[in-house]
Amino acid sequence: MTTLTSAALVATLVLTGAVLLLLAAVAVEHARRGRRLARDERRRAELTPLVYAALDDDEDGADALAGLEAAPAPLDDLVLDLLPQLRGADRAALGRLLVRRGVVARAAGELTARAPWRRGRAATLLGNAADPGHTAALTALLADRAADVRCAAARALGKAGDVRATGPLLRALARSRRVPAGVVGMALLDLGTPVLPDLRATVTDPPSPAAQALAADLLGLHGDVEALPLLLGLLADPRRPAAVRCSAATALGRIGVPSATPALGAALAATAGPALRRAAAEALGRIGDDAAIDLLAAAVAGGDDTVRAACADALAGAGEDGRARLAAHAWRAGVVGETARAALSNRPRPRDARIRTAA
């Protein structure tokens with residue numbers, strides 16, 4: 001056997017031994033992890049009834065939760081899983097338990113971590129814990145360089161319930177590192193009706209058109225009658241961006257006050273873009289009073305195809321009176337009759353059919 005062959009054999013044996021050792025270490029770690037997970041699962045199963053019993057106990061609930069302060073670590077995950085499902089006193093009690101166990105303080109320390117996933121996880125935890133003591137730190141994360149962290153911070157601010165976050169959330173819509181409007185909207189909805197004064201103020205003095213449009217949308221979702229004059233002003237102002245006026249029209253429809261019908265009728269008949277006219281038609285259908293149905297029935301016979309279709313859909317959804325007025329158009333020849341028949345039967349409209357045929 002040559003020297004070269006001997007060296008190759010030794011190297012092979014060493015490499016084989018190293019691989020075997022590595023496989024053994026992986027197997028040991030896998031077994032250890034499995035035992036740890038099984039142990040945590042058993043502890044979680046033991047702790048679950050104790051937590052529920054403490055929440056259900058009206059007299060000694062606080063003392064019972066205090067007795068869990070020294071419970072094993074799986075209690076933290078159990079409580080964090082429960083918190084999004086709870087509201088009111090139960091959620092507040094579990095939030096205080098996390099504070100006493102130091103979970104909230106550790107999460108707050110992670111908000112400035114180098115890794116984005118740690119910052120996002122910490123923000124999510126603080127939101128689930130509904131702790132309002134970290135509004136400033138979470139607000140700072142709305143400008144984080146990572147989009148996921150910005151979204152996590154916005155959701156956390158909504159769940160934490162501190163209305164002081166309303167302004168920063170709305171301003172986050174227009175930064176170079178912005179937060180999507182859907183995320184901000186859900187966060188503001190989580191904050192509830194206490195944000196209504198701030199939303200009305202945003203409609204009047206907006207930090208950006210996007211914030212103004214979202215504020216109008218949310219006022220409509222809340223059915224805020226007090227905002228009616230502000231929304232009517234937005235709808236009638238031709239200097240406002242089309243998206244803002246569309247949001248005002250949609251909000252007026254959701255509020256559903258018949259006094260908004262004349263303004264929506266003016267928007268439907270105006271020479272504004274089709275988007276605003278479609279929004280006005282949808283809003284008139286939601287209101288559904290006699291005047292709104294008259295306006296929609298008249299608009300079905302004119303305008304462009306998309307506006308005509310919106311008016312037909314609005315009439316079809318406005319109850320028996322609306323469907324009866326739409327049926328009068330269904331006997332007509334041409335695109336008007338086809339649109340009316342499609343809306344009544346929920347079939348594809350002529351324009352939609354043409355698009356599919358071309359495709």
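(Buried means under 20% relative accessible area, exposed over 50% and partly exposed in between, with a 1.4 Å probe and protein chains only.) You are looking at a predicted model, where local features need pLDDT of at least 70, side-chain atom pairs count only at pLDDT 80 or more, and totals for chains, interfaces and linings use all residues. Residues are numbered from 1 along each chain as its sequence is written, and side-chain values use heavy atoms, with hydrogens and water left out.

Pro74 belongs to helix α3.

**The largest pocket**

Next, select Ala73, Asp76, Asp77, Leu80 and Leu125. Of the 17 residues that line the largest pocket, these are the closest to its centre. The pocket holds about 390 Å³ of space. (On a 1 Å grid over the protein atoms alone, a pocket is an open set of points with protein on both sides within 12 Å along at least five of seven lines, a cavity is a set where a 1.4 Å probe fits but cannot get out, and lining residues have an atom within 4 Å of a point. Points are joined across faces, edges and corners, and a volume is the space filled by probe spheres set on them.)

Colour α1 (3-56), α3 (74-82), α5 (103-110) and α6 (116-128): each supplies at least two lining residues. The lining has 8 nonpolar, no polar and 9 charged residues. (Ala, Val, Leu, Ile, Met, Phe, Trp, Tyr, Cys and Pro count as nonpolar; Asp, Glu, Lys and Arg as charged; the others, Gly among them, as polar.)

**The second largest pocket**

Move on to a pocket of about 200 Å³. Its lining includes Pro84, Arg87, Asn128 and Asp190. Helix α8 (residues 147-160) gives the most, with 3 residues.

**Helix α18**

Finish at residues 305-316, the 12 residues of helix α18. Of these, 9 are buried, so the helix is largely enclosed by the rest of the structure. Among the buried ones are Val307, Arg308 and Cys311. Show α15 (261-269) and α20 (334-345), which are among the elements covering them.

Terms used:
Helices (H or I, at least four residues) and strands (E, at least two) are DSSP runs, numbered from the N terminus. The expected span of a helix is 1.5 Å times one less than its number of residues. Contact means heavy atoms within 4.5 Å.
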